[in-house]
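Have a look at the structure first, then read on.

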Amino acid sequence: MNFLSTLRRSMYPPAPVETKESILPADDTSIRETSDGHRGLSIAGATKYFSSQAALSGVSLDIAPGEFIALLGPSGCGKTTMLRTLAGFEALSAGHITLNGRHLDDGSRPLPPEERNMGMVFQTYALWPHMSVADNVGYALKLQGIRGQEYQRRVDEALALVELAAYGNRPPQELSGGQRQRVALARCLVTSPEVVLLDEPLANLDRHLRAAMEDSFRDFHQRTQATLVYVTHDQGEAMSLADRIAVMRDGRLIQLATPEVLYRQPRTPWVADFIGQGSIMKLPGLTPSTTVNGEHLTASLRAWNKGQNTKTTHVVVRPEHVRLSPINTTPRSAMSGLTSNNGTDSQIGARVVSSIFRGERYEVHLRLADGTQLQAYSPTYLAAESAVGVTIQRAWCLEPDA
Ligand SMILES: Nc1ncnc2c1ncn2[C@@H]1O[C@H](COP(=O)(O)OP(=O)(O)OP(=O)(O)O)[C@@H](O)[C@H]1O
Ligand SMILES: [Mg+2]
């Protein structure tokens, strides 16, 4: 569905509906239909070489119409390259991209960017300083030959959508960073793209403005139902905005999941470390991709002599699943390290390494008797080297990193 038509329904009384056909040339023969008729954006085995270096290696990803996908990963992992191949600024070396069944790129016949009906927003706003805000927004419409009342209506709608209706006559230099980024968003939306591609759009803004702009993006997505592909290396931004997050590393897609699943069930130690806080341990006798309860985990921790040559599995323990007990209520546990008197006691002893104030709580780093590091939260400050009782409630068992 064309998302500006959805927008118009939500903002205005029924109006003449703009369709893709009114934007694309009537005799556009460059659109090639696939036989499967798949809806949404489909990426299959996307591979991109720069000289002999692979920036993308076999990325496969299906994005539903209206979905908000974040591409998340460290610097140099291929996020921008993925976005640029979707936009048509780079051609694939191999693989396949389709949008609602249309071939965009199959590794040999890339459709040019202007025929893809996508919009892109960059980290740097790239606004023309000699044009007013409204002229910046309307520029692409003029290139399409749209003039008069329709031009004015579409510019006004796009500015209203990003809540800048009163700013049309200003030069961009007289706007704040967040407002300039909203102009860039309006400029992208005015052409009614089916897919909006955003490359770290908030990276130049301070923390408070980022939070406010996150709200703007969330609101914009809800109102338009546009398909959004949003590149970031900020996991907080990805978690708070996206329906699903595609985690990338070294040109590969490592995990595709909702924010909740990514946090609770990260696939590998690298993902577990990259997403959220927590401690990663190696233990024997556990099954990858399962939850292990606290008693089982503690028993495994106690039973394991690290000198043994046993097959081990990585597990991640999130800090909110580590309970701390004051030393005066658990003297035996704290004194006895990893050993247990009755074999069922799930408490183990630990020493505090450090307590870091995080505003609403302290982030506490602990050391178990065998040297294992563990992270927990505490409402109060705990002095370094003090002894505490620890109960691990549950953990998630990981697959090995590739
Ligand atoms: N035009 C190019 N020519 C050669 N190598 C390139 C080109 N563009 C990207 N690369 C390389 O491809 C890899 C992926 O780059 P890309 O810009 O996609 O990373 P990114 O995930 O967007 O990183 P960042 O978070 O720093 O923006 C990097 O190793 C980069 O050096
Ligand atoms: Mg980038």
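**Notes on the predicted model**

1. Let me begin with the ligand: the shell around ligand 1 has 3 nonpolar, 7 polar and 1 charged residues. The classes count Ala, Val, Leu, Ile, Met, Phe, Trp, Tyr, Cys and Pro as nonpolar, Asp, Glu, Lys and Arg as charged, and the others, Gly among them, as polar.

2. A word on conventions. This is a predicted model, in which local features need pLDDT of at least 70 and side-chain atom pairs count only at pLDDT 80 or more, while totals for chains, interfaces and linings use all residues. Residues are numbered from 1 along each chain as its sequence is written, and chains are lettered from A and ligands numbered from 1 in the order in which they are written.

3. Which residues are around ligand 1? They are Phe50, Ala55, Gly73, Ser75, Gly76, Cys77, Gly78, Lys79, Thr80, Thr81 and His233, where a residue is near a molecule if its C-beta atom, placed from the backbone, lies within 6 Å of it. Helix α3 (residues 79-87) gives the largest share of this shell, 3 residues.

4. Now the overall picture. The protein chain has 12 helices and 19 strands; these are DSSP runs numbered from the N terminus, with helices being H or I of at least four residues and strands E of at least two. Of its 402 residues, 38% are buried, a label for residues with 20 or more other C-beta atoms within 10 Å of their own, C-beta atoms being placed from the backbone. Taking contacts between residues at least 6 apart in sequence, 68% join residues at least 24 apart; a contact has the two C-beta atoms, placed from the backbone, within 7 Å.

5. One open sheet has 4 strands in the order β2-β1-β4-β5, with antiparallel pairing; strands pair if DSSP finds at least two bridges between them. Its edge strands are β2 and β5 (102-105), each of which pairs on one side only. From one strand to the next, the twist averages 25°, using axes that are lines fitted to C-alpha atoms and angles that run from 0 to 180 degrees between N-to-C directions.

6. Inside that sheet, β1 (residues 41-50) and β2 (residues 53-63) run antiparallel and are joined by 7 bridges, with isoleucine 43 opposite leucine 61 in β2. Their hairpin has 2 residues between the strands, and serine 51 takes a positive phi near 55° there. Strand β1 is also joined to β4 (residues 94-99), again antiparallel, by 5 bridges. Serine 42 faces threonine 98 in β4, and threonine 47 has alanine 94 as its bridge partner.

7. Another open sheet has 6 strands, ordered β6-β7-β8-β3-β9-β10, with mixed pairing. β6 (118-121) and β10 (252-257) stand at the edges with a single partner strand each, so one side of each is left without a neighbour in the sheet. The twist here averages 20° from one strand to the next. β6 pairs with β7 (residues 195-199) in the parallel sense over 4 bridges, and methionine 118 has valine 195 in β7 as its bridge partner.

8. Finally, is valine 322 buried or exposed? Valine 322 is buried, because 23 other C-beta atoms lie within 10 Å. This residue lies in strand β14 (residues 322-325). Leaving aside neighbours within four places in sequence, valine 322 is in contact with Val317, Leu374, Ala376, Val390 and Ile392. The C-alpha atoms of valine 322 and alanine 376 are separated by 5.5 Å, although the two are 54 residues apart along the chain.

Notes:
Buried ≥ 20, exposed ≤ 12 C-beta atoms within 10 Å, placed from the backbone.
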